[in-house]
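Work through the exercises below with the sequence and the 3D structure beside you, and try each task before you read its solution.

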Amino acid sequence: MTLISAGTVVLGDSVCRPGWLEIDGDRIVACGSGAPPRVVDADFPDGVVVPGFVDMHVHGGGGFSYSTDDPDDVARAADFHRAHGTTTTLASLVTAAPEVLLTQVQTLADAVRGGVVAGIHLEGPWLSSARCGAHDVTQLRVPDPAEIDSVLAAGDGAIRMVTLAPELPGADVAIERFVDAGVVVAVGHTDASYEETKRALQLGATVGTHVFNGMRPLHHRDPGPALALLEDARVTVELIADGVHLHPALVHQVAVTAGSDRVALITDAMAAAGMPDGTYQLGGLDVEVSGSVARLRERSTIAGGTATMDALFRTAATGLEAASDSALRHAVAMTATTPARTLGLDDVGALAPGMSADLVVLDRKLQVRAVVRRGVWAAGPG
């Protein structure tokens, strides 16, 4: 049994100052506000304890990619993000040739069974060529039932989310097939109309992939997918709140109007996250990183992110001195609780008895001091 106390602990919807929690093995067994019930094992009087972050859209980091057939690369990418507080990762794959995609799915499925990552996110290959972003346009294709069945078989239950463009021929059938298989369907990299997006939501899509990025822009006579996603209370809205993909004012307004129970902050990080500027690859395409902004060498298109979830948390919470209890609660929701609920991960995303012992210890400036995953302590970055 390990008893942890801190000056601030976010327990569910409550911000406890001070607070405590007790861990037995890989589970939280008790928690509360005020003084701890016995002598503590770890005390952080100036610290802030929050649930481990849940990143539902990330392609790699620390120089390593999830689009690989090397399990060591998968583990190294996950370890990099774990040091920054991400205790639950949905490993995202970009568009690839059919045989390459199947191999990558099989590699990640093994990582899911080994507890390295929590599941697989297929971002492609069933995307719009007009809104493909940093995906290989030569490998985009329409949904094919046989390929979908092959991918699901290769994943063997590990595929948790798929992003597709609902205007493509065969998309309706694909959405229904994935929903029937228990896979979360996201609308993204799409040139769909407002009406086509509404149709996808009626069929069971429940997520907007990095809303505003990689989709038809909002227009007063042609609202497109963004409005359809934002106005539907059933939809979780992904936002890349790194200051590059979206203007901070837009992130703030969406969080206020949609609510933190519908917004999931994502890194969309690629291998260059945490690395120096230079040349990297994303799905076989060359990416140049300059000033921590990743762009395709050929098209100057933004190619994923380089931020980590702790940075997004700091952005949402605005720093401890300025952060109210409400700001901390909303930051926790958008970086942990909402993405966990969206993916159907019932034992992560919050600090409460019976939940997995996944937590992040932050200092006064909300920098990562330590990380606990499944009851095991790890140091933060650096």
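**Exercise 1.** Is Asp-172 buried, partly exposed or exposed, and what is its relative accessible area?

*Solution.* Before starting, note that this is a predicted model, in which local features need pLDDT of at least 70 and side-chain atom pairs count only at pLDDT 80 or more, while totals for chains, interfaces and linings use all residues. Residues are numbered from 1 along each chain as its sequence is written, and side-chain values use heavy atoms, with hydrogens and water left out.

Step 1: recall the cut-offs, by which buried means under 20% relative accessible area, exposed means over 50%, and partly exposed lies in between (1.4 Å probe, protein chains only). Step 2: the relative accessible area of Asp-172 is 28%, so Asp-172 is partly exposed.

**Exercise 2.** Find the salt-bridge partner of Asp-172 and state which parts of the chain the pair ties together.

*Solution.* Step 1: a salt bridge is a side-chain nitrogen of Lys or Arg within 4 Å of a carboxyl oxygen of Asp or Glu. Step 2: the partner is Arg-199, and the closest N and O atoms of the two residues are 3.2 Å apart. Step 3: because Arg-199 belongs to helix H5 (residues 194-203) and Asp-172 to helix H4 (residues 171-180), the pair ties together parts that are 27 residues apart in sequence. Helices (H or I, at least four residues) and strands (E, at least two) are DSSP runs, numbered from the N terminus. Step 4: Arg-199, with a relative accessible area of 41%, is partly exposed.

**Exercise 3.** Describe the salt bridge between Asp-191 and Arg-216, and place it in its network.

*Solution.* Step 1: the closest N and O atoms of Asp-191 and Arg-216 are 3.5 Å apart. Step 2: Asp-191 is in the loop between strand E12 (184-187) and H5, and Arg-216 is in the loop between strand E13 (207-208) and helix H6 (224-231), so parts that are 25 residues apart in sequence are tied together. Step 3: Asp-191 is partly exposed at 24%, whereas Arg-216 counts as buried at 19%. Step 4: a network of salt bridges links Arg-131, Asp-191, Arg-216 and Asp-222.
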